[in-house]
Amino acid sequence: MPTQKIGRLLAASSELQALSVKARRLMELQQVYIAAAPGTLAQGSRVKNYRAGTLFLWAGNTAVAAKLRQLAPSLLLKIQKQEPQITGIRVEVQVSEAPRSRDKSREKRSLPVEIIEDFEKLAERVRDPALKSALTRLVRRHSRSG
């Protein structure tokens with residue numbers, strides 16, 4: 001079976017064995033963290049590492065990180081009930097997905113020539129000076145880009 005082969009491989013090397021132990025420990029701490037943290041915060045974050053009594057958490061965004069930092073004292077007390085050797089919590093932001101590009105929304109879109117001509121005719125008929133000026137600028141701006 002594949003899991004037996006992986007188990008033998010991990011046991012064969014002391015480095016891989018140490019890595020396996022560390023991974024197992026982090027999975028255990030993740031479960032403790034999930035049980036202690038509020039549901040939405042637990043979903044937006046995860047255990048990154050454990051070192052020298054400090055539990056390192058990765059938050060998926062700054063809002064989750066801010067809330068976790070705010071709740072850290074009470075969260076630490078809950079975690080210490082199962083893991084008394086944990087004496088501190090450190091929260092870091094690790095964005096898991098790339099932010100959506102806003103360049104598409106700011107992309108200058110050209111208007112069809114007929115529409116520009118319609119705005120130009122409208123600007124000639126309008127009596128309100130502010131509206132006339134705005135329409136004229138719109139026509140000028142889109143005439144240059146086309």
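# Chat notes on a predicted chain

Me: What does the accessible surface of the protein chain come to, and how much of it belongs to carbon and sulfur atoms?
Reply: About 10,900 Å², with 55% belonging to carbon and sulfur atoms. Accessible areas are Shrake-Rupley values with a 1.4 Å probe, and for residues only the protein chains shown count as cover.

Me: What share of the chain is buried?
Reply: 25% of the 146 residues. Buried means under 20% relative accessible area, exposed over 50%, partly exposed in between (1.4 Å probe, protein chains only).

Me: And contacts, what share join residues at least 24 apart?
Reply: 49%, among contacts between residues at least 6 apart in sequence. Contact means heavy atoms within 4.5 Å.

Me: On to H4. Where does H4 bend?
Reply: At Ala72, by about 65°. Pro73, a proline, follows within four residues. The bend is the angle between axes fitted to the seven residues ending at a residue and the seven starting there.

Me: Which residues of H4 are buried?
Reply: Val64, Ala65, Leu68, Ala72, Leu75, Leu76 and Ile79.

Me: What covers them?
Reply: The cover includes helices H2 (14-36) and H3 (39-43). It also includes strands S1 (45-51), S2 (54-59) and S3 (88-93).

Me: What happens at the start of H4?
Reply: A side-chain oxygen of Asn61 comes within 3.0 Å of the backbone nitrogen of Ala63.

Me: Where is Gln80, and what does it contact?
Reply: Gln80 is in H4, which spans residues 62-82. Gln80 counts as partly exposed because its relative accessibility is 26%. Setting aside neighbours within four places in sequence, it contacts Ile86 and Thr87. Gln80 and Ala36 are 44 residues apart in sequence, yet 9.7 Å apart C-alpha to C-alpha.

Me: Gln30: buried or exposed?
Reply: Buried, because its relative accessible area is 17%. Gln30 sits in helix H2. Beyond four places in sequence, Gln30 is in contact with Ser45, Arg46 and Val47.

Me: Switching to S3. What does the side chain of Glu92 make a polar contact with?
Reply: The side chain of Lys48, at 2.8 Å. Glu92 is in strand S3. A polar contact is a pair of N or O atoms within 3.5 Å; within protein, one must be able to donate a hydrogen and the other to accept it, and residues adjacent in sequence count only if both atoms are side-chain atoms.

Me: What else does Glu92 touch?
Reply: Phe56, Leu57, Trp58, Ala59 and Arg69 are among its contacts, not counting residues up to four places away in sequence.

Me: Which residue lies over the face of Tyr50?
Reply: Arg25, at 5.9 Å from the ring centre. The rule needs NZ of Lys or CZ of Arg within 6 Å of the ring centre and within 35 degrees of the ring normal.

Me: Last one. What is phi of Ala52 near?
Reply: 50°, a positive value in a residue other than glycine. Ala52 lies in the loop between S1 and S2. Ala52 counts as exposed because its relative accessibility is 77%.

Conventions
Residues are numbered from 1 along each chain as its sequence is written. This is a predicted model: local features need pLDDT of at least 70, side-chain atom pairs count only at pLDDT 80 or more; totals for chains, interfaces and linings use all residues. Side-chain values use heavy atoms; hydrogens and water are left out. Helices (H or I, at least four residues) and strands (E, at least two) are DSSP runs, numbered from the N terminus.
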